[in-house]
2 protein chains.
Amino acid sequence: MAKKVRIALDAMGGDFGPPVVIPGAAISLTRHPDSEFLLFGDRAAIEPLLGAHPALKAVSRIVHTDVTVSMKDKPSQALRRGRKNSSMWLAIDAVKKGEADVAVSAGNTGALMAMARFNLRMLEGVDRPAIAAVWPTARGDSVVLDLGATIGGDAHHLIALAVMGSAMARVLFDIERPTVGLLNIGVEEVKGGDEIRKAAELLRTLNLPQFEFIGFVEGDGIGRGDADVVVTEGFSGNIALKAAEGTARQISEFLRAALNRTWRSRIGYLLARNAFKALRDKLDPSKSNGGVLLGLNGVVVKSHGGTDAEGFAYAVDVGYEMVRYDLLTKIYQTLNRDGGPLVQVPTPQEAVS
Amino acid sequence: MAKKVRIALDAMGGDFGPPVVIPGAAISLTRHPDSEFLLFGDRAAIEPLLGAHPALKAVSRIVHTDVTVSMKDKPSQALRRGRKNSSMWLAIDAVKKGEADVAVSAGNTGALMAMARFNLRMLEGVDRPAIAAVWPTARGDSVVLDLGATIGGDAHHLIALAVMGSAMARVLFDIERPTVGLLNIGVEEVKGGDEIRKAAELLRTLNLPQFEFIGFVEGDGIGRGDADVVVTEGFSGNIALKAAEGTARQISEFLRAALNRTWRSRIGYLLARNAFKALRDKLDPSKSNGGVLLGLNGVVVKSHGGTDAEGFAYAVDVGYEMVRYDLLTKIYQTLNRDGGPLVQVPTPQEAVS
């Protein structure tokens with residue numbers, strides 16, 4: 001049997017901490033019985049919960065700490081207060097020390113990014129981190145990045161994103177050569193800023209075996225599934241994600257209110273409830289929970305802070321797959337083929353301060 | 001009675017031309033009987049359609065031209081081929097010459113922007129154009145800009161957008177002092193690029209009487225109606241708009257398929273059909289059609305190219321209101337108060353080439 005996947009959990013992260021993290025890990029373990037866990041956090045809070053999940057308990061070890069990064073801490077505060085001793089830091093540090101293969105946290109994004117970067121350092125050939133996630137589309141799922149780690153960036157930064165995102169799509173979707181598109185405000189070659197047109201030109205010239213560059217994708221092309229991987233800098237990626245999430249929420253609230261307005265529509269709702277359940281499942285954020293921090297010497301997965309156990313389990317699943325199918329090696333080999341880095345990424349401005 | 005509102009129509013613009021433009025104008029005229037029209041385009045195509053709308057015919061004059069800007073023309077081609085003689089140019093030129101108060105076209109956006117800018121020139125105090133439109137939200141409607149006219153821009157550009165967008169909100173929503181937010185990837189002060197934080201600081205300091213600056217708005221805040229006016233540069237504005245449109249389309253297609261799957265859900269659909277009709281109306285793009293080109297010495301409205309007569313009528317309505325409630329004066333007075341321009345806008349890069 002293959003080596004176990006060792007998962008470090010920030011048990012205190014997120015809006016709820018252990019009551020979500022522990023049952024979440026237990027759910028993921030049923031799907032991936034070859035996982036084992038290091039649980040960082042308050043032993044008094046973790047231990048009783050673990051008692052309810054004997055299978056998880058059997059493959060877990062608790063590492064106690066009193067220090068927790070708050071959801072409100074700025075990255076600089078988190079580093080000052082929680083470096084070396086917080087549950088978040090220790091989970092990341094386990095990856096750094098080789099005691100775990102991946103760290104998963106529902107804690108605050110800025111702090112997680114800052115700590116991961118500070119401790120794990122950037123991968124050779126990448127200068128700035130990115131957050132990637134799975135976006136449900138009409139055709140299945142796509143990987144979209146960067147969702148807000150780094151604002152702006154030049155053509156080489158966009159190419160590094162394409163390399164990392166396509167490696168993630170190969171791991172998650174089991175596609176040999178995923179399609180990659182650059183997010184733009186039009187599909188014509190004249191559209192967009194210089195850095196986007198330059199990146200398109202370079203990607204066409206490089207014509208890498210690991211993915212197929214298909215050109216520009218517009219905002220409505222993400223959900224249509226125009227490409228397996230959609231690449232953009234972190235500002236517009238974050239705006240796109242939240243605009244889409246906001247629209248989905250707005251529509252389901254409107255529909256709920258409209259269906260409740262008359263007795264006829266309430267009966268109609270009851271008869272068609274399977275259809276609505278399917279829609280709810282489709283829109284359920286816990287079904288696509290788990291942003292992957294890319295560009296680091298190690299795998300770190302960020303879960304939504306407000307998610308439930310099912311959602312946290314999904315984030316753990318993502319972490320598991322990244323390790324099992326060797327994300328880092330896939331990225332590294334593409335970035336540093338032919339004995340040298342593929343791209344030199346100069347320094348764009350960062351979102352996290 | 002007040003002066004009539006004189007509307008110049010590019011009768012050949014859009015995917016369909018006169019068969020949409022003429023009935024669209026007729027619908028708008030029933031709502032605003034104090035309009036009159038100049039119709040630019042092929043007399044042989046326009047005249048028979050006008051025969052079916054005697055009320056419109058009574059207040060319209062056809063100005064014949066053979067030349068039409070194609071939906072595929074690049075802005076530079078359109079200017080080369082259609083300057084001085086195309087239906088699009090002539091409609092804009094009527095505004096320039098004072099023969100019309102507003103021009104409405106469903107023709108190609110890049111060409112319309114280039115011609116409008118070339119002919120009308122920029123308003124004093126504004127260096128780059130913007131496109132603004134109405135975004136339906138949970139709280140009512142908001143104005144969002146820039147939707148793709150100008151990529152990037154510094155703090156002063158964002159402030160000019162805030163001034164223009166708030167003037168549009170005052171005209172359309174009849175609010176004395178609309179709220180204005182800057183689109184950002186977080187609501188904390190440390191988030192976003194330099195230009196956004198600088199703009200926020202300036203807007204707070206200026207504290208203009210014409211609008212209330214409320215700080216940053218995230219992508220999901222647009223649809224929640226967090227601000228009456230949401231300001232961003234053209235790249236992320238365009239991405240946000242299309243990501244939201246794409247999500248809405250994706251959800252309604254999914255729901256249609258799910259409701260069709262079983263006889264129970266089909267009956268449910270029939271019983272609840274008023275609820276679905278309400279949702280369809282809410283999502284109907286023709287109900288919020290009409291992007292306003294801002295920053296020019298004149299009012300130009302862009303209709304979606306693929307819209308129907310009802311949608312085109314909505315774009316004409318928008319043009320009517322901009323004139324009737326004096327958009328340009330409102331913008332000009334805010335920009336050039338105290339005898340000098342409020343902001344000096346240096347030159348960001350442009351989307352239209």
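1. pLDDT is the predictor's confidence in each residue, on a scale from 0 to 100. Chain A averages a pLDDT of 90, and 94% of its residues score at least 70. Over residues 344-348 of chain A, however, the pLDDT is below 50, although this stretch has 18 contacts in the model beyond near neighbours in sequence (contact means heavy atoms within 4.5 Å). Where pLDDT is low, the predicted coordinates should not be read in detail. The model scores ipTM 0.88 and pTM 0.89.

2. Conventions are as follows. This is a predicted model, in which local features need pLDDT of at least 70 and side-chain atom pairs count only at pLDDT 80 or more, while totals for chains, interfaces and linings use all residues. Residues are numbered from 1 along each chain as its sequence is written, chains are lettered from A and ligands numbered from 1 in the order in which they are written, and side-chain values use heavy atoms, with hydrogens and water left out.

3. The interface may be described by its area and its residues. Buried area is the accessible area (1.4 Å probe) that two parts lose on being put together, summed over both. Between chain A and chain B about 4,500 Å² is buried, and carbon and sulfur atoms give 70% of that area. On the side of chain A, the residues losing the most area to chain B are A:Ile185, A:Phe235 and A:Leu271, together 14% of what that side buries. The contact takes 57 residues from chain A and 57 residues from chain B.

4. Four salt bridges are counted between chain A and chain B, a salt bridge being a side-chain nitrogen of Lys or Arg within 4 Å of a carboxyl oxygen of Asp or Glu. B:Asp220 forms a salt bridge with A:Arg249, with the closest N and O atoms 3.9 Å apart. Helix 10 of chain A gives the most to the side of chain A that touches chain B, with 19 residues. Helices (H or I, at least four residues) and strands (E, at least two) are DSSP runs, numbered from the N terminus.

5. Helix 6 of chain B comprises residues 109-120. Its 12 residues should span 16 Å at 1.5 Å a residue, and its end C-alpha atoms are 16 Å apart, which agrees; the expected span is 1.5 Å times one less than the number of residues. Nine of the 12 residues are buried, so helix 6 of chain B is largely enclosed by the rest of the structure. Buried means under 20% relative accessible area, exposed over 50%, and partly exposed in between (1.4 Å probe, protein chains only). The buried residues pack against elements of chain B including helix 4 (75-82), helix 5 (87-96) and strand 5 (130-137). At the start of the helix, a side-chain oxygen of B:Asn108 reaches to within 3.2 Å of the backbone nitrogen of B:Gly110. Just after helix 6 of chain B, B:Arg121 takes a positive phi of about 70°.

6. A:Asn289 lies in the loop between helix 12 and strand 10 (291-294) of chain A and is buried, with a relative accessible area of 1%. Its side chain makes a polar contact with the side chain of A:Ser303 (3.0 Å). A polar atom of the A:Asn289 side chain also lies 2.9 Å from the backbone nitrogen of A:His304. A polar contact is a pair of N or O atoms within 3.5 Å; within protein, one must be able to donate a hydrogen and the other to accept it, and residues adjacent in sequence count only if both atoms are side-chain atoms.
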